[in-house]
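Here are my notes for going through this one together. Have the sequence and the 3D view open as you read.

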Amino acid sequence: METRIMLPQADLPTQWYNIQADLGRPCPPPLHPVTKQICTPADLAPIFGMELLKQEVSQDRWIDIPEELQDIYRLWRPTPMQRARRLEKLLDTPAKIYFKNESVSPAGSHKPNSAVAQVYYNKQQGIKRLTTETGAGQWGSSLAMACNLFGLECVIYMVKCSYNQKPYRRILMETWQGKVIPSPSPFTASGRKILAENPDHPGTLGVAISEAVEDALSREDTRYTLGSVLNHVILHQTIIGLEAKKQMELAGDYPDVVIGCVGGGSNFSGFAFPFLQDKLTGKQTKTRFVAVEPAACPTMTRGKYTWDYGDTAKSGAPIAKMHTLGHTFVPDAIHAGGLRYHGNSPLLSLILDMGLVEPKAYNQKACFEAAVQFARTECILPAPESSHALRAAVDEALRCKAEGRAETIVFNLSGHGHFDLNAYESYLTGKMEDVPFDDAKLQAALNQCPEVDSNLCGGF
Ligand SMILES: Cc1ncc(COP(=O)(O)O)c(C=O)c1O
């Protein structure tokens with residue numbers, strides 16, 4: 001009875017998959033935050049590495065993974081696909097549950113898949129220093145690890161509530177020679193402005209992005225990197241789904257349901273898009289795609305598909321068309337710090353708008369209930385973010401039980417929760433709470449979305 005479906009290292013994918021080639025609808029472009037016109041390469045070049053900008057707009061279906069990067073991927077890839085037989089037994093379901101285990105990477109999540117690529121291309125361009133934001137600390141750790149491998153300086157603005165909740169993530173980043181700054185910080189104009197309004201601001205990904213972009217724009221030798229949301233990040237993450245497809249083939253199975261959690265959309269999209277290609281090209285029509293978010297930050301289920309700023313302080317990050325709660329929305333400080341982003345990937349938002357993906361939201365206690373069940377059956381402690389995907393997988397398995405259907409459910413375990421033990425303690429001691437969602441707060445933030453002239457933004 002096979003539990004881990006392993007792909008030989010020789011079968012590591014050598015190209016990433018770009019879904020834009022198969023969508024039939026263009027992804028709305030980013031807009032300049034001041035002029036509100038479509039960003040030119042010259043607008044974005046001081047922020048992002050050039051090769052990454054090329055990938056951002058590429059319509060090529062397949063993009064080669066440089067050999068040097070393939071060698072680095074082989075440090076932990078291919079990651080296992082696992083069958084969760086013990087969980088199936090506990091749930092007494094006829095469904096088959098598989099999970100792609102991205103928690104085995106050195107940083108503990110899917111995030112290094114893009115970090116190593118972004119650092120590689122920036123280094124090729126001669127960039128010496130990279131800035132970024134991090135919520136849960138997974139992306140910051142991944143970028144610090146990648147910068148350390150390639151010899152670049154790394155500055156990480158870490159959302160303050162996560163910085164306080166997760167000192168060990170900070171130490172991991174520092175071990176890989178990253179400089180970690182709690183955000184909002186007094187070191188940038190956007191941080192100082194937010195601190196003047198509210199010295200106890202818990203920080204958000206939107207605020208940390210503002211600080212990291214401002215820092216990058218202030219120096220010639222520095223670029224900014226984003227751990228999610230953008231097309232090129234999703235592109236790098238498709239290595240997950242490409243491996244997963246080969247592994248399902250080895251298992252002689254194909255998913256009825258593909259599930260992932262969504263913060264900015266990169267692990268869900270990277271996992272799901274290679275399977276979605278089969279649907280778009282008519283090869284497999286039965287599969288459902290379920291994208292899961294926290295009820296405290298319900299971008300997909302309660303947000304609006306409209307133009308909004310990517311960062312809170314409007315300090316240089318572009319405006320994007322996406323599902324958003326409004327750039328001033330401050331989600332409650334739930335434990336899944338990596339899912340607390342007000343917006344979403346424009347590409348995933350478009351695909352949601354096309355009706356190809358079903359969004360779903362869960363409160364954190366329900367997610368931790370599933371996470372503890374998983375830890376006690378499969379022995380792996382999921383990251384709080386990943387527990388959202390797991391919860392949905394469990395609910396799908398319970399639906400299969402009620403309906404007597406032996407469906408194949410495949411979810412992405414985006415990371416482990418070894419640095420999230422205070423969250424587990426809070427759950428295990430009965431202290432964890434679900435905060436009711438404040439609709440008035442949402443409406444107030446949505447009112448802050450910018451007005452965009454459709455003639456200037458290409459008619460989207
Ligand atoms: C383990 C884990 N899963 C998921 C996410 C959400 O990000 P994304 O939607 O880009 O995959 C994060 C973000 O920090 C994370 O750390």
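1. Start with the overall size. For 460 residues, a compact globule would have a radius of gyration near 23 Å, and this protein comes out at 20 Å, which agrees. Keep in mind that this is a predicted model. The C-alpha atoms fill a box of roughly 55 × 50 × 45 Å along the principal axes.

2. Now look inside. Of the 460 residues, 56% count as buried. Among contacts with a separation of 6 or more, 77% join residues 24 or more positions apart.

3. On to the ligand. Why does it lie between domain 1 and domain 2? Because both of them give residues to the shell around it: domain 1 covers 4-8, 77-108 and 238-446, while domain 2 covers 16-65 and 110-224.

4. Who is in that shell? There are 21 residues around the ligand, and Q138, S228, G263, G338 and G415 come nearest. By type, the shell has seven nonpolar residues, 13 polar and one charged. Helices α7 (138-150) and α13 (266-280) each supply at least two of the shell residues, and α13 gives the most, with three.

5. Last, a helix pair to find. The axes of α10 (residues 189-197) and α11 (residues 205-217) come within 8 Å and cross at roughly 145°. On the α10 side, the contact uses A189, S190, G191 and I194; on the α11 side, V207, S210, E211 and E214.

Notes
Residues numbered from 1 in each chain as written. Predicted model: local features only at pLDDT ≥ 70, side-chain atom pairs only at ≥ 80, totals over all residues. Near = placed C-beta within 6 Å. Helix = DSSP H or I, 4+ residues; strand = E, 2+ residues; numbered from the N terminus. Nonpolar A, V, L, I, M, F, W, Y, C, P; charged D, E, K, R; others polar. Domains from an automatic or database assignment. Axes fitted to C-alpha atoms, helices over the stretch in contact; angles between N-to-C directions. Contact = placed C-beta atoms within 7 Å. Rg over C-alpha atoms; globule rule 2.2 N^0.38 Å. Buried ≥ 20, exposed ≤ 12 C-beta atoms within 10 Å, placed from the backbone.
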